[in-house]
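User: I would like to learn how to read helix packing and sheet pairing from a set of coordinates. Could we work through an example together?

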Amino acid sequence: MRKMKGLFLGLFLMLGGVLYAARPMGTSLGILGGPTTEKLAEVRVAGIGYVEVTFHAFTHKTPDAECYAEAFALRDRLDKAGLKVWSCHLPFGRNCDISVVDPEQRERNVAYIERMIRLSAIFRPQRLVLHPGSRPVPEEERSERERCAANSICRLSLAAEEIGAVLCVENMPHSIGRTSAEMLRLIGGCPEAMVCFDTNHLLLESHADFIGALGDRIATVHLSDYDGRDERHWLPGRGVIDWPDLCRRLRRAGYRGVYIFEVHHGEATCRDLVKAYGEVLRKK
């Protein structure tokens, strides 16, 4: 019986390896509700080879020294599970908003994100995901917030470059960066900065227009479905997104990176993600 279980596990891992090697897939660690050794093993057994480390979960109220200890411990668990880190999602929220108008507060926030970028080097990520602002944004401040965020992004993109990663600014539905035009204003003056395309964050523009406008500036993705009215982070196939068309457009735009799923904890299992990847995303 043990031999049969071992054989089944080996075949499952081999098939999963072929799947993500053909077009790599991964998941945000947020789906786990806590990256324990057991849950990380489940990710790998499901056939997923890459992950995005969500910094917000373990840095929100932790002193920097403890952050480093926890980060090294997490990296050790990831290595033992055989999982590769594609990206790190930097902390977000009002306490680290890089678009705030007050220059002293913005300097503190940007300096904090710079420290977190240095911390992320522990995981050897290829991409760093950054929120350009936090919600809500008063309309009378939107233009100034975009200018402040753009300056912060240029500075942080250089910090990312120093650790061998690419800074990817995420499109946000209720803050700044809601559309491709807003995204271009944020990264247009900084060639090192790229885009993290979140598929369930578009409320004011079609996926076709967003991908068409940004083209090869999309350097990583967050995949989840929604109802078109607000972000939901559902399993692909549950909402309104035309996944075959979206994936074709991404390929035509030159995207060759990992397909990172970002669904809510409790919304799906890792096996569900692999199934959706095969049945929904890979359709021609």
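User: Is the crossing of α4 and α5 left-handed or right-handed?

Analyst: Bear in mind that this is a predicted model. The crossing of α4 and α5 is right-handed. The residues that make this contact are Asp64, Cys67, Tyr68 and Ala71 on the α4 side, and Arg115, Met116, Arg118 and Leu119 on the α5 side. Sorted by class, the contact of α4 with α5 has 5 nonpolar and 3 charged residues, with no polar ones.

User: At roughly what angle do the axes of α4 and α5 cross?

Analyst: In general, two packed helices are described by the angle between their axes together with the distance between those axes. Here the axes of α4, residues 64-81, and α5, residues 103-120, come within 10 Å and cross at roughly 25°. Because angles under 35 degrees count as roughly parallel, α4 is roughly parallel to α5.

User: How do the strands of the barrel pair, parallel or antiparallel?

Analyst: As a general idea, the strands of a sheet pair through backbone hydrogen bonds, in either a parallel or an antiparallel sense. In this model, 8 strands form a closed barrel in the order β1-β2-β3-β4-β5-β6-β7-β8, and the pairing is parallel. Neighbouring strands of this sheet are, on average, turned by 30° against each other, with direction ignored.

Notes. Residues are numbered from 1 along each chain as its sequence is written. This is a predicted model: local features need pLDDT of at least 70, side-chain atom pairs count only at pLDDT 80 or more; totals for chains, interfaces and linings use all residues. Side-chain values use heavy atoms; hydrogens and water are left out. Axes are lines fitted to C-alpha atoms, for helices over the stretch in contact, and angles run from 0 to 180 degrees between N-to-C directions. Helices (H or I, at least four residues) and strands (E, at least two) are DSSP runs, numbered from the N terminus. Angles under 35 degrees count as roughly parallel, over 145 as roughly antiparallel, 65 to 115 as roughly perpendicular and the rest as oblique. A crossing is left-handed if the near helix is turned anticlockwise from the far one by less than a right angle, and right-handed if clockwise. Contact means heavy atoms within 4.5 Å. Ala, Val, Leu, Ile, Met, Phe, Trp, Tyr, Cys and Pro count as nonpolar, Asp, Glu, Lys and Arg as charged, and the others, Gly among them, as polar. Two strands pair if DSSP finds at least two bridges between them.
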